[in-house]
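Please look over the sequence and the coordinates before reading on. The briefing then takes up a strand pair, the contact between protein chains and the surroundings of the DNA.

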There are 2 protein chains.
Amino acid sequence: MESTNENVRSQMRKGVLEYCILCILSKREAYASNIIEELKAANMIVVEGTLYPLLIRQKNQGLLTYRWEESTQGPPRKYYGITEKGRAQLAEMDAAWQEMVESIDTLKR
Amino acid sequence: MESTNENVRSQMRKGVLEYCILCILSKREAYASNIIEELKAANMIVVEGTLYPLLIRQKNQGLLTYRWEESTQGPPRKYYGITEKGRAQLAEMDAAWQEMVESIDTLKR
DNA sequence: ACAGATACTTTGCAATACAAAGTACTAAAA
DNA sequence: TTTTAGTACTTTGTATTGCAAAGTATCTGT
């Protein structure tokens with residue numbers, strides 16, 4: 001019976017990960033490994049197979065852009081940055097997140 | 001292009017709804033309409049087609065039980081209540097929720 | 001009997017997170 | 001030069017979820 005614990009957290013992450021990505025990229029450009037590190041530092045574990053498709057989705061929606069940059073330590077990296085549209089979406093998600101936190105608060109009462 | 005607004009909220013609800021149900025039922029027994037009312041009062045809109053399958057899932061997992069009760073205003077109602085296992089799961093989810101709130105806080109910094 | 005209200009159920013769909021396997025590029029070792 | 005290890009990115013298949021919409025069942029009042 002593998003950790004229902006992790007399963008609970010995994011389910012809760014749904015729909016919030018997009019928000020996390022925008023939060024991170026709103027502060028600075030980053031490539032996938034940077035993002036995974038930052039998420040890990042915030043206790044929000046994510047694996048490559050989750051992150052890459054997510055970045056591509058957000059890029060296709062016009063929320064992100066990217067540029068290639070050479071690396072001295074391996075293949076070139078895709079550095080992602082947030083667009084104006086992405087910032088608008090982030091504002092929307094900030095509001096949605098706040099509302100949800102308040103909803104749970106209300107229910108806990 | 002229909003309200004991306006609602007879509008954002010809908011995605012964020014994923015995985016949190018189960019938590020909400022357990023919160024509500026940890027305080028008192030309730031049948032579906034009660035639960036929907038309470039969710040609506042907390043600004044967390046949910047429709048029947050979402051709630052019923054969810055209650056059935058949680059019952060099958062042993063987190064909930066139910067009993068039929070006659071009504072003076074229509075067909076009998078299924079009153080759901082939380083089980084011991086459900087309370088354990090709720091505690092797990094409380095922790096997971098707290099962690100996620102902290103994670104987002106960290107990322108916002 | 002029938003109509004309307006209430007309550008519960010089922011079906012089909014789109015979106016998500018993940019594991020796992022695969023592709024591509026670079027630098028250092030053999 | 002060829003091979004190996006490391007890094008980075010991509011793709012595929014699966015299970016779970018939330019939802020709209022349509023369907024079934026029960027009760028009450030006319």
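In chain B, the strands β1(B) and β2(B) form a hairpin with 2 residues between them, helices (H or I, at least four residues) and strands (E, at least two) being DSSP runs numbered from the N terminus. This is a predicted model, in which local features need pLDDT of at least 70 and side-chain atom pairs count only at pLDDT 80 or more, whereas totals for chains, interfaces and linings use all residues. Residues are numbered from 1 along each chain as its sequence is written, chains are lettered from A and ligands numbered from 1 in the order in which they are written, and side-chain values use heavy atoms, with hydrogens and water left out.

**Strand pairing in chain B**

- Strand β1 (residues 64-71) of chain B runs antiparallel to β2(B) and is joined to it by 7 bridges, where two strands pair if DSSP finds at least two bridges between them.
- Within this pairing, Thr65(B) has Gly81(B) of β2(B) as its bridge partner.

**Contact between chain A and chain B**

- Chain A and chain B each bring 37 residues to the contact, contact meaning heavy atoms within 4.5 Å.
- About 3,400 Å² is buried between the two chains, and carbon and sulfur atoms give 66% of that area; buried area is the accessible area (1.4 Å probe) that two parts lose on being put together, summed over both.
- There are 6 salt bridges between chain B and chain A, each defined as a side-chain nitrogen of Lys or Arg within 4 Å of a carboxyl oxygen of Asp or Glu.
- Glu99(A) and Arg9(B) form a salt bridge in which the closest N and O atoms are 3.1 Å apart.
- On the side of chain B that touches chain A, α1 (4-13), α2 (17-25), α3 and α5 (84-108) of chain B each supply at least two residues, and the largest share, 16 residues, comes from α5(B).
- By class, this side of chain B has 19 nonpolar, 8 polar and 10 charged residues, with Ala, Val, Leu, Ile, Met, Phe, Trp, Tyr, Cys and Pro counted as nonpolar, Asp, Glu, Lys and Arg as charged, and the others, Gly among them, as polar.

- DNA strand C has 29 residues around it, of which Arg13(A), Tyr31(B), Tyr52(B), Arg77(B) and Lys78(B) come nearest; a residue is near a molecule or strand if one of its heavy atoms lies within 4 Å of it.
- Of the atoms of DNA strand C that come within 4 Å of the protein, 76% belong to sugar and phosphate.
- Phosphate oxygens of DNA strand C lie 2.3 Å from a backbone N or O atom of Lys78(B), 3.1 Å from a backbone N or O atom of Gly15(A) and 3.4 Å from a side-chain N or O atom of Ser33(B).
- The largest share of the surface near DNA strand C, 5 residues, is given by α4(B).

**Surroundings of DNA strand D**

- DNA strand D is surrounded by 31 residues, the closest being Tyr31(A), Tyr52(A), Arg77(A), Lys78(A) and Thr50(B).
- Sugar and phosphate make up 75% of the atoms of DNA strand D that come within 4 Å of the protein.
- A polar side-chain atom of Lys14(A) is 3.1 Å from a base oxygen of DNA strand D, whereas Tyr31(A) places a polar side-chain atom 2.5 Å from a phosphate oxygen of DNA strand D.
- From α4(A) comes the largest share of the surface near DNA strand D, 5 residues.

How values were computed. A polar contact is a pair of N or O atoms within 3.5 Å; within protein, one must be able to donate a hydrogen and the other to accept it, and residues adjacent in sequence count only if both atoms are side-chain atoms.
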